[in-house]
Amino acid sequence: MKQLTRRSLSAIPVFFGITLLVFFMMNMAPATIADAAGAGEASSAAMRTALEAELGFDKPLPLRYLSWLGDLLRGDLGTSYRTGQSVSGMIAQRMGPSLLLTGTGVLAAVVLGVPLGILAAWKPGSGWKRLAGGLTLFSFSAPGFFLSLLSIDLFSVKLGWLPAAGMYSAGVSGSGSDLLRHLLLPAGVVCLGSLGNLIRQTQSALGEVLSEDYIRTARAKGLGEGAVVWKHGFRSALIPVLTTVLNHIPHFIGGSMVVERIFGWPGMGSLLFTSVNSRDYTVIMGVTVVVALAVLGMSLLMDLVYRLVDPAVTWGGVP
């Protein structure tokens, strides 16, 4: 309990450091929401100055950060400059679709990638190894935007099997089958993007374990291959695989910006993209807070899972 408390306390300055860095970098941009809304050439400098004063941009940058921080400590993420809505409400609306999309894609990658990695390490001269190698190469070499555009062109434009964008079809009252049809393409792209790393990490970790002396001893004692690979090999290789899986947790919260933008998926990634384009600083900071908490929470979760899998592992993941 003491170690957990210590780790949690050490994450506090890291969290505030992240928010401080993002806030100052964001405000170093050459334009503000006042310029974006400053409309065209007909807008006078006086009107833009009044808008900046109304939004608080006339105050020094450190005071603006302290003001935002004070609101955050009271549980208030502010109001969107662009829509006038509560940032908390906007994030809550977008988090569900991001969890659905990214969670489905990563879960599919785990279901496919871990068994493929195991088979590739277990049978290095088989077709499983070649299949795993081909998928890994494709996953690492094909960017998300390319996979998204390719899948839309093939499955939506040419074959007409699946919709190209959105979460539901227009005029459809949120049916499960319609949601599934819209989910397949973007979730497939997320799956392919995560698949290569899972296959590689599983194959590498298990391959190292299967070459250990105690594995050869287990085989010499007459244990079946299934027991050797699953009971002794994979259990010992589980920590690197868990690390790879758990590192995807922040993506569940933050979404996949490129995939969501191309497919018109109403998640956190598309919200962040729109907010950056419109200089909606309060929303950008709200998303930063949520993602930073997810990353730091994932770090604590990894330590807890490591200790459950292997009690010899100390806090910080080092034996």
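Which backbone oxygen does the side chain of Ser139 reach, and at what distance?

A: The side chain of Ser139 reaches the backbone oxygen of Leu192, at 2.5 Å. That is within the cut-off for a polar contact, which is a pair of N or O atoms within 3.5 Å; within protein, one atom must be able to donate a hydrogen and the other to accept it, and residues adjacent in sequence count only if both atoms are side-chain atoms. The model is predicted: local features need pLDDT of at least 70, side-chain atom pairs count only at pLDDT 80 or more, and totals for chains, interfaces and linings use all residues. Residues are numbered from 1 along each chain as its sequence is written, and side-chain values use heavy atoms, with hydrogens and water left out.

Ser139 sits in helix α6, residues 127–141; helices are DSSP runs of H or I with at least four residues, strands are runs of E with at least two, and both are numbered from the N terminus. With a relative accessible area of 8%, Ser139 is buried (buried is under 20%, exposed over 50%, partly exposed in between, with a 1.4 Å probe and protein chains only). Leaving aside residues up to four places away in sequence, Ser139 touches Leu192, Gly193, Ser194, Leu195 and Gly196, where a contact means heavy atoms within 4.5 Å.

The chain as a whole has 15 helices and 0 strands. Of its contacts with a separation of 6 or more, 70% are between residues 24 or more positions apart. Buried residues make up 39% of the 319 residues. The accessible surface is about 16,600 Å², and carbon and sulfur atoms hold 66% of it; areas come from the Shrake-Rupley method with a 1.4 Å probe, and for residues only the protein chains shown count as cover.

Helix α7 covers residues 144–158 and gives the most to a nonpolar patch, with 4 residues. Phe146, which lies in α7, is partly exposed at 40%.

The whole structure has 3 salt bridges, each a side-chain nitrogen of Lys or Arg within 4 Å of a carboxyl oxygen of Asp or Glu. Lys158 pairs with Asp153, with 3.4 Å between the closest N and O atoms. Lys158 is exposed at 62%, while Asp153 is partly exposed at 31%. In the pair of Arg74 and Asp71 the closest N and O atoms are 2.3 Å apart; Arg74 is exposed at 63% and Asp71 partly exposed at 24%.

Asp280 and Arg82 form another bridge, at 4.0 Å between the closest N and O atoms. Asp280 is in the loop between α14 (268–277) and α15 (281–309) and Arg82 in the loop between α4 (61–73) and α5 (87–122), so the pair ties together parts 198 residues apart in sequence. Asp280 is buried, at 0% relative accessibility, whereas Arg82 is partly exposed at 37%.

Most residues other than glycine have a negative phi. Arg279 is partly exposed, at 24% relative accessibility.
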